[in-house]
Amino acid sequence: MKYFVLYTTLLLILLSIAGSPQVFQLKRCETNTGYILNDLQFIDEQNGWAVGQGNTVLKTTDTGITWVKMREEGNTHLYSLSFLNLNVGWIGGEKGQILKTTDGGESWEKLSIGNNNWIYDITFINNKTGWAAGCSGIYSTTDGGVNWKPQFEKSGLDIYSLCFTDKDYGWALGGGTILHTSDGGQNWKIQKDDIPVSLYSICFVDRKYGWAVGDYGYIFRTRDGGYNWELMDNGKPLWLSSVCFCDHSTGYIAGVLYEEPESKGILLETIDGGESWRQETVSSCLYASCFRTGECGWVAGADGAIYKCLTIKKQ
């Protein structure tokens with residue numbers, strides 16, 4: 001009986017993949033850099049940014065076809081960015097460093113969270129209010145990044161990812177812990193802290209629906225704001241570094257597929273809320289993703305790689 005169940009399950013998976021109404025088309029963009037890219041964001045379908053090692057800040061105005069360097073190369077590693085519009089944005093990096101621009105990257109103001117902790121994620125919801133997360137804590141600002149104060153600190157717990165759906169509701173994760181706030185970060189409460197692997201990315205599309213991903217192919221989903229987290233997949237040779245959902249059904253995960261003799265980048269797509277996934281691999285390991293819709297998105301990672309991803313419906 002168990003063999004029949006296994007056979008039936010595999011058959012359904014294969015039929016689902018073969019019968020998928022969509023196909024991927026991944027095209028590598030010209031970036032003129034070989035540095036690792038840690039994060040990217042598109043303001044609209046034309047304009048986007050990417051940041052990474054070597055003080056790398058890249059900008060595109062043509063859907064990602066070409067990218068222009070907006071800062072000189074250096075030794076600083078940049079990990080995250082948050083742009084509100086074409087002109088105003090922030091970048092978080094090592095040793096508590098934050099860069100802010102109000103003119104589309106033509107000039108940058110150097111700010112700091114006030115210590116030397118690495119900043120792994122940064123997010124702003126308006127010109128004044130934002131959060132930064134990294135080594136051992138979460139910090140907030142109400143004056144556009146000039147001054148920061150700690151909201152949550154725990155020695156040994158590095159926070160890798162933040163997601164706010166509005167000024168009040170937010171989630172954060174790091175290690176095997178997921179945190180939640182319903183008051184803008186004045187109070188952070190642990191929602192789950194028994195996950196046996198490290199988590200690296202979290203995404204919510206509203207106050208109820210969210211996903212979290214991490215080592216060994218772990219994928220979690222919640223449909224009640226994080227009070228309950230459902231394990232959707234695990235136990236695979238995958239390091240999942242970035243999750244991005246467009247709505248309750250359509251989402252993408254970028255990461256690394258561990259293979260011999262060389263690891264690859266992997267992009268997963270779901271159109272049923274994470275019940276099933278399709279995958280594509282590329283030569284460069286992937287660390288970041290940005291999908292504004294289910295039809296077009298971008299992923300970035302090692303070797304200065306940025307891929308534009310088009311989802312095309314089968315005829």
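Over how many bridges do strand S12 (residues 137-141) and S13 pair?

**Entry 1: basis.** I worked from a predicted model, in which local features need pLDDT of at least 70 and side-chain atom pairs count only at pLDDT 80 or more, while totals for chains, interfaces and linings use all residues. Residues are numbered from 1 along each chain as its sequence is written, and side-chain values use heavy atoms, with hydrogens and water left out.

Entry 2: I took helices and strands as DSSP runs (H or I of at least four residues for helices, E of at least two for strands), numbered from the N terminus. I counted two strands as paired if DSSP finds at least two bridges between them. S12 and S13 pair over four bridges, in the antiparallel sense. In this pair I found glycine 137 opposite glutamate 153 of S13. Both strands belong to an open sheet of four strands, ordered S10-S11-S12-S13 with antiparallel pairing. Its edges are strand S10 (119-124) and strand S13 (149-153), each of which pairs on one side only. Neighbouring strands of this sheet are turned by 20 degrees against each other on average, direction ignored. For such angles, axes are lines fitted to C-alpha atoms (for helices over the stretch in contact), and values run from 0 to 180 degrees between N-to-C directions.

Entry 3: I looked up glycine 145, which lies in the loop between S12 and S13. Glycine 145 counts as buried because its relative accessibility is 0%.

Entry 4: I noted an open sheet of four strands in the order S18-S19-S20-S21, with antiparallel pairing. S18 and strand S21 (230-233) are the edge strands, each pairing on one side only. The twist averages 25 degrees from one strand to the next. Within this sheet, strand S19 (residues 210-214) and strand S20 (residues 219-222) run antiparallel and are joined by four bridges. Alanine 212 stands opposite phenylalanine 220 in S20.

**Entry 5: strand S24 and its partners.** Why is strand S24 (residues 264-270) largely enclosed by the rest of the structure? I found that six of its seven residues are buried, so the strand is largely enclosed. Strand S23 (residues 251-257) is joined to S24 by seven bridges, and the two run antiparallel. Here glycine 251 faces threonine 270 of S24. S23 and S24 form a hairpin with six residues between them. S24 also pairs with strand S25 (residues 278-282), antiparallel and through five bridges. In that pair, glutamate 269 is opposite arginine 278 of S25.

**Entry 6: cysteines.** I counted as a disulfide any pair of cysteine sulfur atoms within 2.5 Å, and the count comes to zero. The closest cysteine sulfur to that of cysteine 203 is in cysteine 163, at 5.3 Å, which is too far for a bond. Cysteine 285 is in no disulfide either, as the nearest cysteine sulfur, that of cysteine 309, is 17 Å away. Cysteine 203 counts as buried because its relative accessibility is 9%, and cysteine 285 counts as buried because its value is 16%.

**Entry 7: pocket and cavity.** I searched a 1 Å grid over the protein atoms alone: a cavity is a set of points where a 1.4 Å probe fits but cannot get out, a pocket is an open set with protein on both sides within 12 Å along at least five of seven lines, and lining residues have an atom within 4 Å of a point. Grid points are joined across faces, edges and corners, and a volume is the space filled by probe spheres set on the points. The largest pocket has a volume of about 1300 Å³. Of its 43 lining residues, Asp39, Asp121, Ser161, Leu162 and Ser289 are the closest to its centre. S22 gives the most to this lining, with six residues. I also found one cavity of 30 Å³ or more. Thr33, Tyr35, Thr56, Val57, Leu58, Lys69, Arg71 and Glu73 line the largest cavity, and strand S4 (residues 56-60) gives the most to that lining, with three residues.

Definitions and conventions. Buried < 20%, exposed > 50% of the residue type's maximum accessible area, 1.4 Å probe, protein only.
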